[in-house]
Amino acid sequence: MANPDLVVVGGGISGLSLAYFAAQAGKQVLVLESSDRIGGCLDSRRHGDYWFELGAHTCYNSYTTLIEILEGVGLMDQLLPRGEARKRFALLRDGKLTTMGPMSVMLQFNWLQLLAALPAGLFAKKTGLSTAQYYGKLLGKDNFAKVLGPFLSAVPSQAADDFPAEGAGSLFKKRTRREDVIKTWTLQGGLGTVADAIAGLPNIATRTHCAVQHIAQTANGFEVLTADGQTLQAPQLGMAVPPSVAAQLLQPSLPALSEALAAIKLAAVDTLGVVVDKSALTLPEVAFVVPLNDTFFSAVTRDAVPDAAHRGLSFHFRPGQTAAQQQTRLGEVLGLGADKLLATFARHTELPSPQVGHAERIAALDSALSGLPLALCGNYFVGLAIEDCVQRSKAEWLRLNPPA
Ligand SMILES: Cc1cc2nc3c(=O)[nH]c(=O)nc-3n(C[C@H](O)[C@H](O)[C@H](O)COP(=O)(O)OP(=O)(O)OC[C@H]3O[C@@H](n4cnc5c(N)ncnc54)[C@H](O)[C@@H]3O)c2cc1C
C-alpha cells in the first residue's frame, strides 16, 4: 500500500478494530505487526482440524461493538455457543482436583467469617478500594484470600488483588446486551477467525515480521521506521501495542504522553498450551482449573466446545518458570507423561495490571493525547476485555474523524 491514510502499529484486536473502523469509512489502512502472526492475544492454535485458544477464549452478547464488527465482516453465522462445560470448573487444592459449579464455591467460604463480615461489608463503598480491600470487607479477608481471590485472578491470568474495585480497570462492568445474540460464544476455528477476517478486508493491508522501531511526528502526520529499514508516512497514526512499547516509541516525539504511558503497570504471564487425546485425560470436562497457591493462575480448556477426539488446555503460569518446569507441573496436574502431549504451544504475554487510581492515569493519557492525529488504543484503558479494546478503538477513530 503506497500512501496509507492510517498506519496502525500492532496487529492485535485493538489495532485491527481501529483498522476496521477506518476501512469502513473508506480509508486505506496499513497494519504493522512485529510477530509472525496477527491477532495478538486472540491466539487460536491448530493441531490438524482441532483448534484451541492460547489467549482469549470467551465472548458475550454484551460485546456489542465486537458484534457490530462481526456483522460487518460477515461472521455472524460462525458464532459457536459455549456448552455445558462452561458452568463447571475444577479447584486444585492440596494436590486434589474437585469439580464444582458456581454454587459449590459458596460452600468453600468460612461461614462464620462471612457472617461476621457481611453486616458492615454490605455498606462498604467500592470507591478508592482495591478488589482485595473491598471483597475482604464484604466476605472476610481469608474468604477473599482463599476462595474468591484465586477465582478472580484466574480471569486476567495475574493476581487481581490490587485491581480497582470499580470503574476503569476493574473486573466488573455493566454492559448492555444484544438479546438477539447467544449469551456466551466463541467462533468456528476460534477467536482468531475475527482477526483474519478483518485483515482480509479490501482496504486493509497487514505486514507481519514488521516491528516498528522509531516514530517521529512530522508537519504532515507521522513517520514510522521499521526494524527492516522501511520508512512509512501517514497523516494519522494508530498505536495499539502494550503501553511499555508505546511509551518507548513515542518518547522522542511526545515525551509527556510517553511518561503517562510508562505509569501503566504490567504483569507477565507465560502460557503453555497442549492438545491431548480425549481418552488420555481423567479430568472431567470443565471450563477451567483454578489452583490455590500454585505456579499457575489457571488452566483454560476448550471443553465448552467439546470435540470427539481431542482436548486442549492452556496453563497460564506465573513468570519465572522454565519451559521444563511448566511441562512438569502441567503433567503432574493432569496426570500425564510428556508422551501423551500431541502438540505443545508456548506464548509470553505482557498484560496491563490496573491499580487503584487507574481512572486518573487514563485521564492523564487522554489529556496528553488531545489534539494529536494519533489514536492510542489497547487493553489498558477501560479494561482488558476484547469489548473494552474495540470500544476504545471505535472511540479513538471517531475522535480523530468525527462524523460530518
Ligand atoms: C490468556 C488470556 C486470556 C484472555 N481471555 C479473554 C477472554 O476470554 N475474553 C476477553 O474478552 N478477553 C480476554 N483476554 C483479554 C484480551 O484478549 C486482550 O486484552 C486483548 O486481546 C488485547 O488486544 P490488544 O490488541 O490491545 O493487544 P495485543 O493482543 O497484545 O496486541 C498487541 C500487538 O502489538 C504487537 N507489537 C508489539 N510491539 C510491536 C512493535 N514494536 N511493532 C509492531 N507490532 C508490535 C504485538 O506483537 C501484538 O500482536 C485474555 C487475555 C489473555 C492474555
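Trainee: At what angle do helix α8 (residues 243–250) and helix α9 (residues 255–262) pack, and how many Å apart are their axes?

Mentor: Two packed helices are described by the angle between their axes and the distance between the axes. Here α8 and α9 pack at about 160°, with axes 8 Å apart. That makes α8 roughly antiparallel to α9. The label applies to angles over 145 degrees; under 35 is roughly parallel, 65 to 115 roughly perpendicular, and the rest oblique. Axes are lines fitted to C-alpha atoms over the stretch in contact, and angles run from 0 to 180 degrees between N-to-C directions.

Trainee: What should I know about the model itself?

Mentor: This is a predicted model: local features need pLDDT of at least 70, side-chain atom pairs count only at pLDDT 80 or more, and totals for chains, interfaces and linings use all residues. Residues are numbered from 1 along each chain as its sequence is written. Helices (H or I, at least four residues) and strands (E, at least two) are DSSP runs, numbered from the N terminus.

Trainee: Which residues make the contact between α8 and α9?

Mentor: Contact means C-beta atoms, placed from the backbone, within 7 Å. P243, A246, A247 and L250 of α8 meet L257, S258, L261 and A262 of α9.

Trainee: Why is helix α7 (residues 192–199) said to be largely enclosed?

Mentor: Count neighbours. A residue is buried if 20 or more other C-beta atoms lie within 10 Å of its own, exposed if 12 or fewer, and partly exposed in between. In α7, 6 of the 8 residues are buried, so the rest of the structure largely encloses this helix. They are G192, T193, V194, A195, I198 and A199. Their cover includes α1, β3 (44–47), α2 (64–73), β9 (184–187) and β10.

Trainee: Which way do the side chains of strand β10 (residues 204–207) point?

Mentor: They alternate. Strands pair if DSSP finds at least two bridges between them. Strand β2 (residues 29–32) pairs with β10 in the parallel sense, over 4 bridges. L32 stands opposite R207.

Trainee: Which residues touch the most other members of the largest nonpolar core?

Mentor: A nonpolar core joins buried Ala, Val, Leu, Ile, Met, Phe, Trp, Tyr and Cys residues through C-beta atoms within 7 Å. In the largest, of 69 residues, V8 and A19 touch the most other members. Helix α1 (residues 13–24) gives the largest share, 7 residues. Beyond its neighbours within four places in sequence, A19 contacts V8, V29, V31, I198 and I204.

Note on methods:
Two residues are in contact if their C-beta atoms, placed from the backbone, lie within 7 Å.
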